[in-house]
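Reader: I have this one open and I'm new to it. Can you walk me through it?

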Amino acid sequence: MRVLIVEDSQDVADMLGILCEGEGHRTRVVSHLEEAVQVTLEYRPHLVLTDFILPKGDGIRVLCELKKIDRDVLVVLITGYGGEKVAVEALRHGASNYLNKPINSDYLKQLLHRYHRIVEGRENAQRICSHITSTSVAVRIPNETPLITPLVEHLLRSVREIHQEADISGLHLGLEEMIRNAIEHGNLGIGFEEKSDALANCALQKLMAERLAIPQFAARRVTVDLTLTGDLFRCVVQDEGEGFDYRRQEHYNPLAPEALDRLNGRGIFLTRAFFDELNYEGCGNRVEMLKRITHEA
């Protein structure tokens, strides 16, 4: 396990280093925040032991800055006598634990053993992900647009784990567009012209609230089925609306001069660019998206 020690006292840093290395872990030592950030970018520690009082900044700032670099890094704050308030604040900011001075070596060894198992578990989980041949997720959500982005993040998590080096930003954007269309145009029955007028008058949220006040629309749901088999990504989005003539949409070009001033109508056009195939089925309330995930050399 890679351990970073952030400590300006040479005696304490030496003691921590000897103890960690005695348990079989690699260590690096820095004395202040700027060094900690720089070394973390290069060294990628699994565990950080940081003193609260430092020459530049403090332990909580170290914690916050390193969490921005690696949200999974384990951080243990070292405080002096009576530092319980500081420790509680650190825990609220994402610290894994805290140690009081003088440091109890037996307790630190227990922490090192516990965190080593956590790190090994994470690394083994990543190895397992590389051997997954298929995965699938099915979700059914109400007509709440604030749920779209976190839902897409959840859906794409397994894709990121399996294809860590692939650029899947297009999948994210395309899924958001199709789920948004399913809610607004599908379940809430908001037409193209209606949405254009509402956007022009900054009244889309009001229009959606009016539709959601109608039980018939409020009860509808959007179903999203995602399957990843090898490098083939397939997602089906289905709403419970009455559908639309999607054949007309196939010939719509939002880049045409007469359409450039419109504030909507680009979703399907953009999604076709992000995916290899975009197939509407039935009455138009079900769309299948297919993408072969490639890795840049």
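Reader: Which order do the strands of the open sheet take?
Author: The order is 2-1-3-4-5 in an open sheet of 5 strands, with parallel pairing. Strands here are DSSP E runs of at least two residues, helices are H or I runs of at least four, and both are numbered from the N terminus. Two strands pair if DSSP finds at least two bridges between them. This is a predicted model: local features need pLDDT of at least 70, side-chain atom pairs count only at pLDDT 80 or more, and totals for chains, interfaces and linings use all residues. Residues are numbered from 1 along each chain as its sequence is written, and side-chain values use heavy atoms, with hydrogens and water left out.

Reader: Which strands are at the edges?
Author: Strand 2 (26–30) and strand 5 (97–100), each of which pairs on one side only. On average, neighbouring strands of this sheet are turned by 20° against each other, direction ignored. Axes are lines fitted to C-alpha atoms, for helices over the stretch in contact, and angles run from 0 to 180 degrees between N-to-C directions.

Reader: What packs on the sheet?
Author: Helix 4 (residues 84–92) does, touching strand 4 (74–79) and strand 5. Its direction makes about 160° with that of strand 5. Contact means heavy atoms within 4.5 Å.

Reader: And how many bridges join strand 1 and strand 2?
Author: Strand 1 (residues 2–6) and strand 2 pair in the parallel sense over 5 bridges. Val3 has Thr27 of strand 2 as its bridge partner.

Reader: Switching to strand 9. Which residues are on its covered face?
Author: Leu278 and Tyr280, while Glu277, Asn279 and Glu281 make up the uncovered face.

Reader: What does strand 9 pair with?
Author: Strand 10 (residues 286–292), in the antiparallel sense, over 5 bridges. Val287 in strand 10 is the bridge partner of Tyr280. The hairpin has 4 residues between the strands, and Gly282 takes a positive phi near 60° there.

Reader: Now helix 7. Is it mostly covered or uncovered?
Author: Mostly covered, with 14 of its 19 residues buried. Buried means under 20% relative accessible area (1.4 Å probe, protein chains only).

Reader: Where is the kink centred?
Author: On Asn181, and the kink in helix 7 is about 25°. The bend at a residue is the angle between axes fitted to the seven residues ending there and the seven starting there. After helix 7 comes Gly189, with a positive phi near 65°.

Definitions and conventions. Buried means under 20% relative accessible area, exposed over 50%, partly exposed in between (1.4 Å probe, protein chains only).
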